[in-house]
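Here is a short report on selected helices and strands. Look over the sequence and the fold first, then read on.

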Amino acid sequence: MHTIHSNDLVQPTLGRMVVDAPYVAEYRKAGQFIILRIDEFGERIPLTIADADKEKGTITLYYQIVGVTTRKMSLLKKGDHLQDIAGPLGHPTDVKRYGTVACIGGGIGIAPLYPISRAMKEAGNRVVNILGARSKDLLILEDELRAIGDETIVCTDDGSYGKKDFVTGALRDLMAKENVDVVVAIGPVPMMKAVSDMTREPAIRTFVSLNSIMVDGTGMCGGCRVTIGGGTKFTCVDGPEFNGHEVDFDELVSRLGTYRGEERVSDEKHKHACRIGLDRN
Amino acid sequence: MPELTPAERKNNFNEIPLGYSKETAMLEASRCIQCKKPACVEGCPVNVDIPGFIKEITDGNISGAFSVLKRTNTLPAVCGRVCPQESQCEAQCILGRKFEPVAIGKLERFVADYEREVENTAAREADGKKDKKVAIIGAGPAGLTAAGDLAQRGYAVTIFEALHSPGGVLVYGIPQFRLPKEIVHYEIEALKKRGVELVLNRVVGMSQTVDDLLDRDYDAVFVGTGAGLPLFLNIAGENLKGVYSANEYLTRANLMKAYKFPEYDTPIIRGKNIAVFGGGNVAMDAARVANRLGAENVYLVYRRSRDEMPARLEEIHHADEEGINFQLLTNPVRFLGDESGNLKGVECLRMELGEPDESGRRRPVTVKGSEFIIDVDVAIIAIGNAPNPIIQKSTAGLDTTKWGTIVVDSETMKTSKKGVFAGGDIVSGAATVIEAMGAGRKAAAAIDEFCTTGAW
């Protein structure tokens, strides 16, 4: 059981949870993830580790409220528990001194980007953060990333803050202005695809972090399989980061929709249970 | 043994064979002629004293029978259900030459169930206490057996398990109707009572490694991480939505209880037409789970004939009874999907049997021009598992075979690395529960020896 230290909605559909997980806090590296299960009835879902405090033995998770598990998570309070946390899982980011690294985060993808950006900076890179959100109030971790980055560019779709642009526009400007050695892009699949398309021609090494559906997270089920460079890989043990130029993003989008129908059933049932007070949490 | 009828099984996950009463068990036991040189014992991978425990049943001493079983078999309630007795002990039974062999497996199950339900025997005290610690990686049949034996010998034992629930294939793979999970939980509780520590959600080799365990606290490590890397067919369309590995399908259904969705949160696609590929026990399990999840048609597609199927006869029989549509001598060529990436069908080819291959089974050869399509919305690939690679990749000095299994001394289960032992599917490749338990038992004895003498 993992005690929750804090759990707040930082936006209407985005939560931030700090929870006890001393082993994960001790060993996690940038780019790794955990699998959690809320309670005995819960599914196992992967979430990237946004931050950790070794002394306190806690980790920080950001979650978008999109399905039954994240909806239930959003209802938990300080002092409540998560039943299971397994991790750290997956390969850490290949952090090295590359030169200039553009760290691109879109929406909730900014959360997993944060430790990578920090690790890239600590490894001696010039780090340019490009953060994208639909609007100003949907932007997270801006101050933290500004504190790390040599430069931090913020874009919003509606122009309510920073540049009115997509992250690809900001990347294009950056690439026109200076040499970029490596790009790290984490966010919605269309964003990662667009970034990868843009860096393919100039052959800029591009890492993307994939958010496939998983069950065990140890390579046992193969539910998270993705096509990379024409071959099948498992996101959990071969990733979660892959060369963006080799990822079949269309297949990923399709597979992410596998349980759309079931998700609606589950979500409806849960909302109904909440309304009539039968919610077992 | 009385069973639920196929109609009674169709929509639930209840166990099928209903078990013996004490009277029936004593009657069946009385058929054993107590051979002087019992061939059945030779047929058992862990050499259970079969005439010995059967004699106790005949005398009505079920606790006595249980003690005899427990001397060589840590999990009799499990083995009585999932062992392939028809090719092991019962295959050797002398009565089987003229009549039905003694129902050794069913008697074993009866004794273990009786003990659990009626007697509820307290765990035995450990034989003394040792100041050495042993780490077990993987809480499957091999690891649980090694842990039980070592705890009995007085060692401080910690089991590290990657999943949130111990049991390995017994909980994620084998369905409830073949092995009720309560039995596994009972055995785990018994281990805990004997002082075995369980660390769940811990994937050794991802952060802490085997070397870390040896450096820190542990005098020896046993690796029982199993064959948990699913093989796929490597044909077109395999990543369409609706194509599962048997591991994923069964894990969702069994471990995550997706058959109770939405009471449980984990979803599973409830297909109307489901094809399972393979001919082993896992394929039978997947097909029968699919049936219980409400599929209208469940096809079992196997490229050889029924005689070559590696599954237990009882499982093939049960699948047949439940209306699984066997498509034998049939091989999938490609999966077909719709514009949204959903599985729609599978194109197959008919096969015929040619010359025997290296396994001695006749090799299936394609029949030219025999392509046909089966309409399916779910496909389950059950053609086997490779060893889980995590420990091998993260442990220096651990010799492996070209198949990725760990090399051990077959008597002591010692690996090439001092202090590290291994057993079960991670050594043998995918095999049976009883063989994994046998390996766990051998390893425990060798670990005891190593910790006592320090000699490698």
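This is a predicted model: local features need pLDDT of at least 70, side-chain atom pairs count only at pLDDT 80 or more; totals for chains, interfaces and linings use all residues.

## Helix 3 of chain A

Helix 3 of chain A (residues 110-122) has 13 residues and reaches 18 Å from its first C-alpha to its last. That is close to the 18 Å expected at 1.5 Å a residue; the expected span is 1.5 Å times one less than the number of residues. Helices (H or I, at least four residues) and strands (E, at least two) are DSSP runs, numbered from the N terminus.

10 of the 13 residues of helix 3 of chain A are buried, so the helix is largely enclosed by the rest of the structure. Buried means under 20% relative accessible area (1.4 Å probe, protein chains only). Among the buried residues are Ile110(A), Leu113(A), Tyr114(A) and Met120(A). Just after the helix, Gly124(A) takes a positive phi of about 95°.

## Helix 5 of chain A

Helix 5 of chain A (residues 167-177) buries Val167(A), Leu171(A) and Leu174(A), among others. Its buried residues pack against several elements of chain A, including strand 8 (100-106), strand 9 (126-133) and helix 6 (189-200). Contact means heavy atoms within 4.5 Å.

## A hairpin in chain A

Strand 14 of chain A (residues 225-228) is covered on both faces. Arg225(A) and Thr227(A) are buried on one side, Val226(A) and Ile228(A) on the other. Strand 14 runs antiparallel to strand 15 (residues 231-234) of chain A, joined by 4 bridges. Strands pair if DSSP finds at least two bridges between them. Val226(A) stands opposite Lys233(A). The two strands form a hairpin with 2 residues between them, and Gly229(A) in the turn has a positive phi of about 55°.

## Basis

Residues are numbered from 1 along each chain as written, chains are lettered from A and ligands numbered from 1 in the order written, and side-chain values use heavy atoms, leaving out hydrogens and water.

Key. Buried means under 20% relative accessible area, exposed over 50%, partly exposed in between (1.4 Å probe, protein chains only).
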